[in-house]
Every structure is written in C-alpha cells, then in structure tokens.
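Below are my notes on the model you sent. They are set out as numbered points, by residue or element.

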Amino acid sequence: AATRNPERIIGCHWVNPPYLIPLVEVVRGDHTSQETVDYCVGLLKTVGVVPALCRKDVPGFVINRLQRVLQNEILDLVERGIVSLEDADDIVRLGLGARLALHGPLKINDLVADKALSLHGFEYMFSEAGDPRFKPSALLKEKVAQGALGIKSGKGWYDYSGKSFEQLKKDRDLGLAKIIRFLRSEGFYPPQPQDNGVPTPNP
C-alpha cells in the first residue's frame, strides 16, 4: 500500500534458526506479480533453501498458524489436567517428531492410515467433543468418495502409481529407523531396550 510498485513486493519468512533450517515461506501479496514470485523462488533455490509458497498473505503465514494450533491444543489439554507439560512434549517429540522429520502430515496420513478410518476418526471426535476443530474437512470427504485412501489404494493426498504397497511401507520404516537411530545415538531418544529375552526388531 505504501509503494508505487506493489507488484514487486514479496515476503520471505525464514524459520529460526535460519542458518540451519532449510525452508523459507515465500509470501505473495495481493498485487505481487508472477515474475516477482519466480525471481524470488529461483533466488532462494540458488542459496540451497526450499521455498514454500504462501499463495495469500494471511496472519501468521503457514508455519506460525500450524505451530500456534498445536501449542494451543497442548496448553488446553494441560490446563484441563489431561496431560502434563512433560508428557505432552514427549508425545510430540517421540510420537510425532520422527515421522514429521521424514514426511509432512498429509504424507504421513497416506502412509499410516486409511482415509476412511481418518474420516471416521474426525466424525467421532467431532460428534463426541462438539468442537469445530474436529469437523471433517471437505477435502478428506472428497478423497474417501474417490477411493483415494492412501498407499493401500495407490492414491491418497499423493499419487503412488507404479509403487507397491510393501515397498512404500518398507521405505517408510527404513527412513524412520535411520532417524530414530541417529536421535538415539545423540541422546535425544530413549536408549535401545536391553535384551530381556523378548526379540526386538532391528531395521
């Protein structure tokens, strides 16, 4: 609004710490030209970061919106005495962390869940809690109606044509095993269980 060339204005939202995190949100303004978007995206790629385009300028962009929702949900559960701060952090760190480091939430959903079951889960939580945050997405309903249920059906949020169900599962598990092994070796994950006569998998 304050410039004579609004088509040349674009936002770059780096993620802290920017010298380690290889992602930058590229935020398009109402009047940003495609030429400006292409130039900015190309420039970021040349310095070795991954540009993620926010097609509209919304408060918090994308990453802050996701972080605030997760943080707020955790604090709500803590305030209601459902979970401790420490256990909530462990649930995210140990239960979600490694999977999110390997894939985004939608690809995780493709690889670990049947969309019909996901839809049922949302419907149940929405029915029981009455909370609009759990209202099933129209996009999810559309995927289920199309039979795009995830890796089992060869399509979900992404297309897995030409890839076998077993190979996709194997690739997922090997990737997780590598991340967990590294985190464990650096002391960020619980140590490997001691041999107690119960066989443990060795990916």
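1. Val27 has a relative accessibility of 6% and is therefore classed as buried, the cut-off for that class being under 20%. This is a predicted model, and the remarks here should be read accordingly. The residue belongs to strand β2, which covers residues 23-28.

2. Pro51 is 24 residues away from Val27 along the chain, and the C-alpha atoms of the two are 9.9 Å apart.

3. Cys12 is not in one either: the nearest cysteine sulfur is that of Cys40, at 3.4 Å, whereas the cut-off is 2.5 Å. With a relative accessible area of 37%, Cys12 is partly exposed.

4. Helix packing is next. Helix α5 (residues 115-129) packs with helix α6 (residues 138-146) at an angle of about 140°, and the axes are 9 Å apart. The pair is therefore oblique, since roughly antiparallel would require an angle over 145 degrees. The handedness of the α5 and α6 crossing is left-handed.

5. Which residues make the contact between α5 and α6? From α5 come Lys115, Ala116, Ser118, Leu119 and Phe122, and from α6 come Leu140, Lys141 and Val144. Sorted by class, this contact of α5 with α6 comprises five nonpolar residues, one polar residue and two charged residues.

6. Gly154 sits in the loop that runs between α6 and α7, the latter being residues 165-185.

7. Setting aside residues up to four places away in sequence, Gly154 touches Asp159, Tyr160 and Ser161. Gln194 is 40 residues from Gly154 in sequence, and their C-alpha atoms are 39 Å apart in space.

Conventions
Residues numbered from 1 in each chain as written. Predicted model: local features only at pLDDT ≥ 70, side-chain atom pairs only at ≥ 80, totals over all residues. Heavy atoms only, no water. Helix = DSSP H or I, 4+ residues; strand = E, 2+ residues; numbered from the N terminus. Buried < 20%, exposed > 50% of the residue type's maximum accessible area, 1.4 Å probe, protein only. Axes fitted to C-alpha atoms, helices over the stretch in contact; angles between N-to-C directions. Parallel < 35°, antiparallel > 145°, perpendicular 65-115°, else oblique. Left-handed = near helix turned anticlockwise from the far one by under 90°. Contact = heavy atoms within 4.5 Å. Nonpolar A, V, L, I, M, F, W, Y, C, P; charged D, E, K, R; others polar.
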